[in-house]
Amino acid sequence: MFRSNVLVCGGTGCTSSHSDKIMERMKEEIAAQGLDKEVNVVQTGCFGLCALGPIMIVYPEGAFYSRVTVDDVPEIVSEHLLKGRIVRRLLYQETVVDEQNTKSLNETKFYEKQMRLALRNCGVINPEVIDEYIALDGYQALGTILTEKIPPQQVIQTMLDSGLRGRGGAGFPTGRKWSMAAANQADQKYVCCNADEGDPGAFMDRSILEGDPHSVIEAMTIAGYAIGATQGYIYIRAEYPIAVKRLQIAIGQAREYGLLGKNIFDSGFDFDIEIRLGAGAFVCGEETALMTSIEGKRGEPHVRPPFPALKGLFEKPTVLNNVETYANIPQIMLKGAEWFRSIGTEKSPGTKVFALGGKINNTGLVEVPMGTTLREVVEDIGGGIPGGHKFKAAQTGGPSGGCIPASLIDTPIDYDSLIAIGSMMGSGGLIVMDETTCMVDIAKFFLEFTVDESCGKCTPCRVGTRRLLEILDKITSGNGTLEDIDRLEELCYYIKENSLCGLGQTAPNPVLSTLRYFRDEYIAHVTEHRCPAGACKALTNYVIDPEKCKGCTLCARNCPVGAITGTVKNPHVIDTSKCIKCGVCQSKCKFNAIEKK
Amino acid sequence: MKSLAELKAIRDRAKAAVNVRENSEAGTRVLVGMATCGIAAGARPVLTALVDEVAKRQLPDVMVTQTGCIGICQYEPVVEVVDPDGTKTTYVKMTAEKALRVVNDHLVNHNVVKEYTIGAYQQ
């Protein structure tokens, strides 16, 4: 029995800032102090507060250390683990009350308003040890269903009653998907998991697989039982090596315990799961393209209907759900549909995980009940905008979504409210923007992404998105006309209506929603040749104010292209034809003499 | 895995280890003096014994933790038990054997082990 547990975050975020080395050093130091039988070092999944990584929590005290370095480790071991003196300088400042006292993590602003269902085990258990998942009621739902021989119809009914909607973005009721697949007769059916998370900035699926892979495995097995499938596939991108590795370990352990394989819980039900690695094409997150890719063919979408529930993988009835959707299911089965419905809103029960990014203090992963307002997420949980800037808009749903302007910051976040204001839930990327972000530029950024990722099968998407990008390019370089804006809008609607799959149908959304709320910015680019946010490089110039310039030569020495000339103690001048608008001069100037115009 | 009982056996075995990872603020706190003086006097086996016994008896709202020197180095190893109502009991000159009795009498049955307390020792 260990008296202390040291939980080190092993998510991708913290691993990229060397949490693996910290963990190694921790184990060495603990062994050197002879504490290895008393203190347990556990690698967990993501805690969510990625901005403060690498993160470490020491229990039973619950001391939350942030931005830990390898060099801090000996101090933590000798002071905290050996002598019980918490290393206060490393504590997350929000948890420090005064000299003597700290408060629990759940009382900090970041965690206080959160409700962790899908992420409940992330940052609590070691994802590579199945026993720890079982300790927190893991596989209890599956075991109860199989040993008490609850009929599949009843399992599906629970799903229907819970009102759980697909967390991949579109929000289709999961129970309906299951009941359609169950109703179609076939000699073989399949259960698939969509872990091909591709939206720029979204990483909730990765974090769930890294922190709690068994919850997905258990849920897929339940789905298999409900629809009568014996084989499951998890389609995950190869860019997620840690998630893939933990999934492999988890599947191996589940097979060893007989929780996957033949005759699970002595019920006569067989189910197994295989992993399929995707090469990273965004379109493979679309359900028909994903299944084509699992079949070993080129990942291209095809026309629906027939829907996967009738003819999916290998032409057999298939259920395909997203990682986060699955992560909710064991809890729903254990606690019941009523419990789930009591969380969130009437039409969108439950919680949603968001990956907070962009201009926000607490970058990271948050899970809130549906219906929480955007203001609460940005200001309370996210800790506001850094550098004294103001909130301008938030982008949800990545390249398929739209933006929510500051005037709508009190909108409750749920599927229907977001669609009503021209955005969408999407997989859960939430990118916060301040007044230095140009909305035309943001639309262009997402269009660049969809142009790259369009599979090329249908013309509206392949050619149309490229034309959209060209028009946006023209506008941001100051050569656009008012007619361009109209053509842009017209083309958007054409692409939406005529594209084959979700990628093309939603690709114009970033343009349409920025046009809806920030048309003035488009017009300023065209008529005044000015970028109101000062972000479009072609439309901004750096100018030195001769009154303020002291001739210190600092800017000239730092300019990477030698565009600044002048002699000591005399005002300097920027040659705009040479200037690449990198902004180095402005950041170096000690007299605020350089302005962006 | 053939039955729920099998699953439950694994769960019970693993639960104690995972439960430690929660803040148990409302319950009883057991503080073991682990400054240099405490360690030198043999506080570590006391701490280990306490942790093992608490886990074995599955006392979920008891938190065993270390603390620094409280200034009575001559009485180390010192163990303080803070009950949920805030009452503090100070046990001195502890050993692993005495620790087991504190768990049994004080933590489980809520009877202070008078003869181990600092008050008894000073008389």
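Good morning, everyone. Let me start with one side chain: A:Phe445 counts as partly exposed, because its relative accessibility is 42%. By the cut-offs used here, buried means under 20% relative accessible area, exposed over 50% and partly exposed in between, with a 1.4 Å probe and protein chains only.

Before we go on, a word on what you are looking at. This is a predicted model, in which local features need pLDDT of at least 70 and side-chain atom pairs count only at pLDDT 80 or more, while totals for chains, interfaces and linings use all residues. Residues are numbered from 1 along each chain as its sequence is written, chains are lettered from A and ligands numbered from 1 in the order in which they are written, and side-chain values use heavy atoms, leaving out hydrogens and water.

Let's stay with the aromatic rings. Rings of Phe, Tyr and Trp (its six-membered ring) pair if their centres lie within 6.5 Å; planes under 30 degrees apart are called stacked, over 60 edge-to-face and the rest tilted. Over all chains, that rule gives 12 aromatic pairs. One of them is edge-to-face because the rings of A:Phe282 and A:Phe449 have centres 4.9 Å apart and planes at 75°. Where do these two residues sit? A:Phe282 is in the loop between β8 (269-278) and α12 (287-294) of chain A, and A:Phe449 is in helix α17 (residues 439-453), so the pair links parts of the chain 167 residues apart. Helices (H or I, at least four residues) and strands (E, at least two) are DSSP runs, numbered from the N terminus. A:Phe282 is buried at 11% relative accessibility, and A:Phe449 is buried at 18%. Back to our opening residue: A:Phe445 forms an edge-to-face pair with A:Phe446, at 5.1 Å centre to centre and 70° between the planes. A:Phe446, with a relative accessible area of 2%, is buried. Elsewhere in chain A, ring pairs join A:Phe47, A:Phe64 and A:Tyr92 into a cluster.

Now to the strands of chain A. How much of β9(A) is buried? Five of the five residues of this strand (residues 318-322) are, so the rest of the structure largely encloses it. In a regular strand, side chains alternate between the two faces of the sheet. Here A:Thr318, A:Leu320 and A:Asn322 point one way, A:Val319 and A:Asn321 the other. Strand β5 (residues 190-195) of chain A pairs with β9(A) in the parallel sense over five bridges, and two strands count as paired if DSSP finds at least two bridges between them. Among those partners, A:Val191 bridges to A:Val319.

Please find A:Ile234 next, in strand β6 (residues 231-237) of chain A. A:Ile234 is buried, with a relative accessible area of 0%. Its contacts, meaning heavy atoms within 4.5 Å, include A:Cys193, A:Met220, A:Leu247 and A:Ile273, with residues up to four places away in sequence left out.

Over to chain B, with its five helices and four strands. Along the sequence they read α-β-α-α-β-β-β-α-α. Strand β1 (residues 28-33) runs parallel to β2(B), joined by six bridges, and B:Leu31 has B:Thr65 as its bridge partner. Strand β2 (residues 62-67) is mostly covered, with five of its six residues buried. Across the chain, buried residues make up 48% of the 123.

Finally, the backbone. Most residues other than glycine have a negative phi, and most peptide bonds are trans. Which bonds are cis here? One joins A:Pro305 and A:Pro306, with omega about 5°, and another runs from B:Glu76 to B:Pro77, with omega near -10°. A:Pro306 lies in the loop between α12 and β9 of chain A. That loop also holds A:Glu315, whose phi is positive, near 65°. A:Glu315 is exposed at 56% relative accessibility. In chain B, B:His110 has a positive phi of about 60°, and with a relative accessible area of 60% this residue is exposed.

Thanks, everyone!
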